[in-house]
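Dear colleague,

Please find below the structure that I am handing over to you. My notes on what was found follow it.

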Amino acid sequence: MASKNQSQFQDFLPIMADKLGGDGLIGELCNGFQLLMDCEKGVITFDSLKNNSALLGLQDLTDDDLLGMLKEGDFDGDGALSQMEFCVLMFRLSPDLMEQSQALLEQALQQEL
């Protein structure tokens, strides 16, 4: 159960995947990346995330929350998120979508046998 200070998270990625299909979902994730990225650097930086987070209703997140989001998805350690890192992070943060992806992978592997 969430306390008053914790935000409620509802995972909309599986719904989007069902409605848009795989290509459509990736397209929408890329659009989200474009909204959050630093246009000069072509990546999501702390400053671009902080400046643009209100577009996604995330204006109440603290600097530590934003830094944690960047750190969670920053696989190459450059302090920013590339488009690929952002998309991977969005999938990783969606437990339902990860379960669906795992089930599809297992089904595909079974068909190959």
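Isoleucine 44 touches Phe33, Leu36, Met37, Asp38, Leu49, Leu70, Ala80, Leu81 and Phe86, leaving aside residues up to four places away in sequence; contact means heavy atoms within 4.5 Å. This is a predicted model, in which local features need pLDDT of at least 70 and side-chain atom pairs count only at pLDDT 80 or more, while totals for chains, interfaces and linings use all residues. Residues are numbered from 1 along each chain as its sequence is written, and side-chain values use heavy atoms, with hydrogens and water left out.

Ile44 also belongs to the largest nonpolar core, where Ile44, Leu49, Leu81 and Phe86 touch the most other members among its 14 residues. Such a core is a set of buried Ala, Val, Leu, Ile, Met, Phe, Trp, Tyr and Cys residues joined through side-chain atoms within 4.5 Å. Buried means under 20% relative accessible area, exposed over 50%, and partly exposed in between, with a 1.4 Å probe and protein chains only. H1, helix H3 (63–73) and H4 each supply at least two residues of this core, and H1 gives the most, with 5 residues. Helices are DSSP runs (H or I, at least four residues), numbered from the N terminus. In soluble globular proteins, nonpolar side chains tend to be buried together.

The structure holds 1 aromatic pair. The ring centres of phenylalanine 33 and phenylalanine 86 are 6.0 Å apart and the planes stand at 50°, so the pair is tilted. Rings of Phe, Tyr and Trp (its six-membered ring) pair if their centres lie within 6.5 Å; planes under 30 degrees apart count as stacked, over 60 as edge-to-face and the rest as tilted. Phenylalanine 33 in helix H1 and phenylalanine 86 in helix H4 (residues 83–92) are 53 residues apart, so this pair links distant parts of the chain. Phenylalanine 33 is buried, at 2% relative accessibility, and phenylalanine 86 is buried at 7%.

What does a search of the whole structure find in the way of salt bridges? It finds 1 salt bridge, a side-chain nitrogen of Lys or Arg within 4 Å of a carboxyl oxygen of Asp or Glu. Aspartate 63 forms a salt bridge with lysine 50, and their closest N and O atoms are 2.4 Å apart. Because aspartate 63 lies in helix H3 and lysine 50 in helix H2 (residues 46–52), the pair ties together parts that are 13 residues apart in sequence. Aspartate 63 is partly exposed, at 34% relative accessible area, and lysine 50 is partly exposed at 39%.

Yours sincerely
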